[in-house]
Amino acid sequence: MKVAIIGGGAAGFFAAFSVKEHHKDAEVVIYEKSSKLLAKVRVSGGGRCNVTNSCFSASKLSKFYPRGEKQMKKAFSVFQAKDTVVWFEERGVKLKAEDDNRMFPTSNNSQTIIDCFLREVNEKGIQIATQTPVNKLISTKNGITLRFDNRSENFDKVVIATGGSPKEAGFQWLKDLGHNITPPVPSLFTFNIPGNPIRKLMGLVIDTATVRIQGTKLSYTGPVLMTHWGMSGPAILKLSAWGARVLAEKDYNFNIQINWVSIKNEEEVNALLDNELPTIRRKKIINANPFNLPNRMWTFLLRKADISPDSLWLELSKKSRNKLINLLLNDVYKVSGKTTFKEEFVTCGGITLSDLDFNSMESRVCQNLYFAGEVINVDGITGGFNFQAAWTTGYIAGKLL
Ligand SMILES: Cc1cc2nc3c(=O)[nH]c(=O)nc-3n(C[C@H](O)[C@H](O)[C@H](O)COP(=O)(O)OP(=O)(O)OC[C@H]3O[C@@H](n4cnc5c(N)ncnc54)[C@H](O)[C@@H]3O)c2cc1C
């Protein structure tokens, strides 16, 4: 059996390994259009490669996918994060989980993953052709013909693992075969807040803020990082993933409403203040911050509420107190534009899910053709979920069921 894998990234390599695991005698070639293999693996996770996440329940794991939750739940029953850990361990690569469940090689170096894959390629006798773009696929009676720059070759089975593309035109060759493409839009980006003085707080992290996107049901609680262009951090990135499509429809112009303190409503803030006031009333407001906010943030909010930081708590008028409470609970910022996060960004969109049978990853449109990785309309939030989708779909596709 002759098998072609198109794309030398995470999903393509994993699919190739799976083919050899399930079909020892198959002849497998990975075609990569660029001169570099596993380029994203190398730069991933800040050069450490966040390989997967230590969420070892298929149904819980699937909840981290804004696109493809239902389908990935089924796929994870075949190969999930635990299987990834075992797969790497069997090949001498130990993974460790950090406090937030992200898993990295203990070497903290993505090269460990690349070396492991290249060893595996050698051991399994997988061929690799770099600088070999596949331009067209033609479905034939006996299999699939691949058209390269100046030749064609016939294969029994083909796995497409060509990754995401920011433009719909990048999927045209797959559309030509009859596949439906869910229009691509970016996911995992940060919010630009041009001209707003909050940007002066760049580098500051608020550990537990709740960010809501006005006019939607989208909301996320987690760390928010101030940047010189606006806001980033896990809460913002995760919101960008859940809201990838609706935020694209808004052309990245929307308001966010932030609760900076882990307190639900005005009554609770008032109760906390009333409780604290007897001890802090003679203190300067700047020095007695009952909300445990970092000093720079506290000063910023006081200034925003037109409260002199050097005034005493006993001097605070009812009006100023209400203004401050409102900022603590419902601080609004106008977002205009996005910045693709330098650490991780993915495509939301790609091969429409109903075109694939997730038991095999085979196309329902074209026989003997399988899909794996980001080319499919599946994407996860940050935390190792995107690689996990690549390993899982690559593994299933490589069974060539
Ligand atoms: C900077 C960055 C950091 C990231 N960090 C993480 C992380 O730590 N953890 C995580 O889970 N996810 C991370 N991601 C996301 C993750 O890298 C991707 O989801 C994953 O690499 C997708 O794998 P893939 O094999 O589907 O696609 P890709 O890795 O994009 O590989 C596709 C390959 O196919 C090739 N190709 C395309 N078209 C053709 C063609 N016609 N012929 C031949 N070859 C072709 C491409 O050149 C490419 O090499 C990160 C992404 C970025 C950009």
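**Exercise 1. Which residues come nearest to the ligand, and how is the shell around it made up?**

Step 1: Start with the glycines. Gly7, Gly9, Gly45, Gly163 and Gly373 come nearest among the 35 residues around the ligand. A residue is near a molecule or strand here if its C-beta atom, placed from the backbone, lies within 6 Å of it.

A word on the model before going on. This is a predicted model, in which local features need pLDDT of at least 70, side-chain atom pairs count only at pLDDT 80 or more, and totals for chains, interfaces and linings use all residues. Residues are numbered from 1 along each chain as its sequence is written.

Step 2: Sort the shell by class. You get 16 nonpolar, 13 polar and six charged residues around the ligand. Nonpolar covers Ala, Val, Leu, Ile, Met, Phe, Trp, Tyr, Cys and Pro; charged covers Asp, Glu, Lys and Arg; the others, Gly among them, are polar.

Step 3: Look for the helices. At least two shell residues each come from α1 (10-22), α2 (39-47) and α13 (385-398). The largest share, five residues, is from α2. Helices (H or I, at least four residues) and strands (E, at least two) are DSSP runs, numbered from the N terminus.

**Exercise 2. Work out the strand order of the open sheet of seven strands, then follow β16 through it.**

Step 1: Write down the order. The sheet reads β17-β16-β13-β14-β15-β12-β18, with antiparallel pairing. Strands pair if DSSP finds at least two bridges between them.

Step 2: Find the edges. β17 (331-336) and β18 (338-340) each pair on one side only. From one strand to the next, the twist averages 40°.

Step 3: Check the neighbours of β16. With β13 (residues 205-213), β16 (residues 253-259) forms four bridges in the antiparallel sense. Ile213 has Ile256 as its bridge partner in β16, and Thr210 has Asn259. Six bridges join β16 to β17, again antiparallel, and Asn253 is partnered there by Ser336.

Step 4: Compare the faces of β16. Phe254, Ile256 and Ile258 make up the covered face, while Asn253, Asn255, Gln257 and Asn259 make up the uncovered one.

**Exercise 3. Which strands does helix α8 lie across, and how many of its residues are buried?**

Step 1: Place the helix. α8 (residues 234-242) lies across β12 (189-192), β13, β14 (219-226) and β15 (230-232), running at about 130° to β14. Axes are lines fitted to C-alpha atoms, for helices over the stretch in contact, and angles run from 0 to 180 degrees between N-to-C directions.

Step 2: Count the buried residues. Seven of the nine residues in α8 are buried, namely Ala235, Ile236, Leu237, Lys238, Leu239, Ser240 and Ala241. Buried means that 20 or more other C-beta atoms lie within 10 Å of a residue's own, with C-beta atoms placed from the backbone.

Step 3: See what they pack against. The partners of these buried residues are β11 (181-187), β12, β13, β14, β15 and α9 (244-249).

**Exercise 4. How is the chain divided into domains, and what does the contact between domain 1 and domain 2 take from each?**

Step 1: List the domains. The chain splits into domain 1 (2-185 + 348-398), domain 2 (187-260 + 333-340) and domain 3 (266-332). The bounds come from an automatic or database domain assignment.

Step 2: Examine the contact. Six residues of domain 1 and 10 residues of domain 2 take part; two residues are in contact if their C-beta atoms, placed from the backbone, lie within 7 Å. The domain 1 side has four nonpolar residues, one polar and one charged.

Terms used. Buried ≥ 20, exposed ≤ 12 C-beta atoms within 10 Å, placed from the backbone.
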